[in-house]
Structures are given as structure tokens and as C-alpha cells.
Amino acid sequence: MHETSTIADSRATITASRRISPDTSVITLACPEIAGAARPGNFVNVRVSSSTQPLLRRPFSIHNAENGQIELMVKEIGCGTELFCRTEPGTELMVLGPLGNSFSEPSGTFSTAVLVSGGIGTAPMRFLEKAMTAAGKKSINLIGGRSQKELLSDNLSNCRFSTDDGSCGVKGTVVDLLDAEISAIAAEGRVKIFGCGPTPMLKALASYCRQHSLACEVSLESVMGCGFGICYGCSVEIANPEGGTRTILLCREGPVIDGALMV
Ligand SMILES: Cc1cc2nc3c(=O)[nH]c(=O)nc-3n(C[C@H](O)[C@H](O)[C@H](O)COP(=O)(O)OP(=O)(O)OC[C@H]3O[C@@H](n4cnc5c(N)ncnc54)[C@H](O)[C@@H]3O)c2cc1C
Ligand code: FES
């Protein structure tokens with residue numbers, strides 16, 4: 001995992017906002033400093049309103065970064081995300097980032113990156129897939145959701161799907177989909193798994209990867225306040241390689257961790 005060194009608090013203008021599903025939007029913000037420093041897996045902390053409500057910023061993975069702009073894929077689940085998705089292009093918002101660590105450099109000894117995501121967990125995968133392609137690696141996206149209408153595959157290639165209700169792709173979880181696909185994928189070369197999604201999904205994914213000796217990195221979520229290590233609002237327990245567990249601040253030592261450390 002790669003640490004971030006340059007962090008900017010930028011006044012960023014929303015240049016575009018488009019709906020990709022009934023409750024999810026891709027929002028583009030002009031913020032050259034953040035876009036230039038961002039790596040796949042980083043997140044930003046956004047003041048979604050110029051009023052005092054909501055008081056705290058909201059964290060979002062960087063979905064894409066290019067030409068001085070970042071894109072965020074935002075799912076409406078409460079007051080902050082609803083406000084953000086309804087904010088008009090032209091509005092200026094404060095954006096702090098890039099924050100957190102990033103997925104490892106794609107220069108590792110694998111030839112295929114298997115990007116496993118569930119729900120809004122697809123958000124960081126576009127940026128990661130672009131980095132993999134630039135490094136000459138093949139990417140395969142395994143995407144899970146409760147039903148077809150919850151599958152998000154905006155601008156991703158080579159996608160295969162699973163749904164809990166069987167309305168698209170394999171009926172079952174995205175880990176069932178991985179299990180169905182892994183032999184054929186691994187027959188073509190060495191693989192590495194990259195996961196993002198709800199915590200129960202990531203626990204199941206990390207456990208599957210441990211059982212099958214697959215290298216795996218996962219991007220976790222927690223409640224966050226400051227986003228850079230001063231409020232202690234984002235502590236998460238992970239395994240300690242020397243034994244037992246230890247607590248990390250996810251905004252600094254995460255959000256990406258080695259799947260082997262998931263408890
Ligand atoms: C590192 C990181 C990256 C993230 N990336 C994305 C992203 O790319 N796109 C995206 O849409 N969301 C992402 N999230 C989640 C996003 O930050 C929350 O959905 C958002 O803060 C909710 O704000 P709200 O005001 O709309 O909801 P609130 O009104 O604050 O909460 C509404 C409900 O959602 C629950 N909730 C709040 N935050 C979370 C959370 N993190 N996980 C699960 N439940 C939560 C609350 O407990 C409450 O029940 C990320 C979170 C983290 C920590
Ligand atoms: S969010 Fe404040 S310490 Fe991590």
C-alpha cells in the first residue's frame with residue numbers, strides 16, 4: 001500500500017453531475033492539485049454544503065482523476081449525499097485530499113487484476129483499472145449487487161455480474177462469482193484480487209482469498225470525521241502480523257489494507 005504525501009484543501013467547482021442509476025450520480029469537480037496527486041484507492045473529504053448542515057465533511061473514493069478534474073461516484077443514503085447529488089454544476093465546494101493510502105503500485109508480479117466490488121464499492125475501480133491498463137496488466141471486474149438495478153459498472157470494462165436475486169449474472173454473492181470464475185482466470189496467469197464493498201462482503205472475500213492462497217487488498221469503510229488523523233473517529237481493528245489484533249486509524253493507515261489482515 002502506498003502512503004499519500006501531498007494533501008490540499010481546494011475550493012473546487014462542480015463541472016458536471018450525471019445520474020447513472022436512480023440513486024447514484026457521478027460528480028466531476030475541477031481541483032487540479034488533488035487530481036494531479038491522486039492515486040487509485042485515495043479518497044477525498046467533501047464539505048457538501050456551504051451552510052453549517054451537515055457539519056462534518058463526507059468521504060468519497062476517487063472514481064477517476066484526469067485533466068485537472070476528479071470524478072466521484074456518490075450514492076444517496078442520507079442528508080449529505082442527497083444534498084451533494086442535487087448540487088448544481090457551477091457550485092464551489094471545499095474538497096480535502098487526496099487522503100488515505102492507495103492500492104499497491106500495479107507493477108507487482110501478477111498479470112491479471114481481479115477487481116471485486118459490491119454496491120457503491122465499484123467507485124474506486126475505474127481509477128484502479130486505468131492504472132492497471134497503463135501498466136500493461138489485464139483487469140477483470142466482478143461486480144455484485146442485490147438486484148440488476150443496483151449493479152454499477154460505469155466506464156468499467158470486462159465486467160461479470162452476480163445478484164442476490166438472480167436478476168443478472170450468477171445468482172449469489174460476488175464471492176460465489178469469484179469462485180465460479182477463478183480457475184479460468186488463473187489458468188491465464190498469476191492473479192491479484194482487489195476488493196471494495198460492504199464490510200461483510202470484504203470479510204468473505206478476504207477469507208476466500210486466504211483459503212485459496214490468493215494475494216488480496218481490500219478498501220474498507222468506516223464512519224469518518226476529519227479524514228486525516230486528528231479526530232480518532234475512524235478506528236478499525238485489524239490482525240497484527242505478530243499475533244493478536246491492533247487498532248488503526250482508517251483515514252491514515254487505510255482505507256486499503258492487505259486482505260490477510262482483515263478480522
Ligand atoms: C474511505 C471512504 C470512501 C467512501 N467512498 C464512497 C464513494 O465513493 N461513494 C459513496 O457514495 N460513498 C462512499 N463512502 C460512504 C459515504 O461517505 C457515506 O455514504 C456518506 O458519508 C453518508 O453521508 P450522508 O450524510 O448521506 O448520510 P448520513 O445521514 O450521515 O447517514 C445515513 C445513514 O447511513 C449510515 N452511514 C453513514 N456513513 C456510512 C458509511 N461510511 N458506510 C455505511 N453506512 C454509513 C449512517 O449510519 C446512517 O444510518 C465512503 C466512505 C469512506 C469512509
Ligand atoms: S477520520 Fe479523523 S482520525 Fe480518521
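Me: How many salt bridges are there across the interface of domain 1 and domain 2?
Reply: Four of them turn up across that interface by the rule. Keep in mind that this is a predicted model.

Me: Which side chain does Glu-105 meet in a salt bridge?
Reply: Glu-105 pairs with the side chain of Arg-39, at 2.4 Å from N to O.

Me: And how many residue pairs are in polar contact between domain 1 and domain 2?
Reply: Nine residue pairs, with both residues at pLDDT 80 or more.

Me: Which elements give two or more residues to the side of domain 1 that touches domain 2?
Reply: Those are strands E1 (8-21), E2 (24-30), E5 (64-66) and E6 (69-75). Strand E6 has the largest share, with four residues.

Me: What classes of residue are on that side of domain 1?
Reply: It has eight nonpolar residues, six polar ones and five charged ones.

Me: Let me back up a bit. Where in the chain are the two domains?
Reply: Domain 1 covers 8-99 and domain 2 covers 103-219. In the contact, 19 residues come from domain 1 and 15 residues from domain 2.

Me: What area do domain 1 and domain 2 bury between them?
Reply: About 1500 Å², and 56% of that is on carbon and sulfur atoms.

Me: Which three residues supply more than any other three of the area domain 1 buries against domain 2?
Reply: Pro-40, His-63 and Met-73, which supply 39% of that area.

Me: Last one: what separates the centres of the two domains?
Reply: The centres of domain 1 and domain 2 are 24 Å apart, taken over C-alpha atoms.

Notes
Residues numbered from 1 in each chain as written. Chains lettered and ligands numbered in written order. Predicted model: local features only at pLDDT ≥ 70, side-chain atom pairs only at ≥ 80, totals over all residues. Heavy atoms only, no water. Domains from an automatic or database assignment. Contact = heavy atoms within 4.5 Å. Buried area = accessible area lost by both parts, 1.4 Å probe. Salt bridge = Lys/Arg side-chain N within 4 Å of Asp/Glu carboxyl O. Polar contact = N/O pair within 3.5 Å; in protein donor to acceptor, adjacent residues only side chain to side chain. Nonpolar A, V, L, I, M, F, W, Y, C, P; charged D, E, K, R; others polar.
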